[in-house]
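User: I'd like to go through the labels in this model and see what backs each one up. Can you walk me through it?

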Amino acid sequence: MEEINNVEVTPCTESDYLKPFRVHYNQNGTKKSWDFMRTHDSVSVLIFNTSSHCFVLVKQFRPAVYMCEWERAKTQPPQSAEKTEEGASEAAAPVPESPEGQSASEGESSSQWPPASAGVTYELCAGLVDKPDLSLEEIARQEVLEECGYDVPASKLKRITSYRSGVGVTGAKQTMFYAEVSDDNCVSAGGGEPREGELIEVVKVPLHEAMTFAYDERIPKNMGVVFSFIWFHNNMSPKYKISTNV
């Protein structure tokens with residue numbers, strides 16, 4: 001998962017997943033415009049294994065996160081003169097290409113590419129709503145099976161809520177579900193669908209470590225993980241009389 005090389009960034013002229021637009025409108029008499037992307041809605045699933053009392057998450061490389069980290073590295077303050085002199089011998093080393101196809105010496109920054117781990121995140125099992133003949137529950141069930149290896153009937157999925165994500169850019173809706181599984185439901189190792197380019201590692205977070213995990217800023221994760229762990233603490237922990245270490 002963490003062997004990333006030959007990185008090249010090119011203009012996106014067409015895509016099956018997003019389409020950029022610019023909308024022009026008047027608001028309270030003021031003419032405005034806004035750039036946005038049309039994307040698919042999605043589903044996500046908080047999976048709790050009742051056999052081992054742990055949450056089941058997925059870990060994967062996200063190119064968008066990786067490139068944001070690269071951009072952030074470019075804006076770091078330059079090194080002091082002393083450090084520059086000390087590293088002069090290193091300056092003769094080959095320079096990686098920048099995202100615009102230039103070598104970094106030709107571009108605005110000489111920042112090296114960050115390690116692949118900079119683009120790896122922990123997330124809930126999730127997927128796009130791109131199968132019009134299936135219900136949200138059925139799509140969520142398929143994602144749980146493909147990504148995490150658990151066979152859970154769609155009727156056993158509990159709807160938590162739905163919300164808008166990326167409202168400044170996409171406004172797509174995500175619907176979150178809760179699924180309880182046991183070791184008996186595990187029928188494969190998961191890992192995603194290779195034909196769709198997925199490379200996913202299944203990760204288990206012990207229940208007693210959940211809230212520490214959620215609030216640890218050193219662990220890269222999306223908001224769905226944080227929200228769902230809090231939801232579980234507020235709604236499910238009292239039922240099972242179990243501690244989430246809060």
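Analyst: Helices (H or I, at least four residues) and strands (E, at least two) are DSSP runs, numbered from the N terminus. On that basis Gln174 sits in strand 8 (residues 172-181). This is a predicted model, where local features need pLDDT of at least 70, side-chain atom pairs count only at pLDDT 80 or more, and totals for chains, interfaces and linings use all residues. Residues are numbered from 1 along each chain as its sequence is written, and side-chain values use heavy atoms, with hydrogens and water left out.

User: Why is Gln174 called buried?

Analyst: Buried means under 20% relative accessible area, exposed over 50%, partly exposed in between (1.4 Å probe, protein chains only). Gln174 comes in at 16%, so it counts as buried.

User: What makes the link between the side chains of Gln174 and Ser42 a polar contact?

Analyst: The cut-off: a pair of N or O atoms within 3.5 Å, where, within protein, one must be able to donate a hydrogen and the other to accept it, and residues adjacent in sequence count only if both atoms are side-chain atoms. The Gln174 and Ser42 side chains are joined at 2.9 Å, and a polar contact of 3.3 Å links the side chains of Gln174 and Ser44.

User: Why is Asn28 called exposed?

Analyst: Its relative accessible area is 79%, so Asn28 is exposed. Asn28 lies in the loop between strand 1 (18-27) and strand 2 (30-39).

User: And why does His53 count as partly exposed?

Analyst: Because His53 has 37% relative accessibility, and partly exposed is the in-between class.
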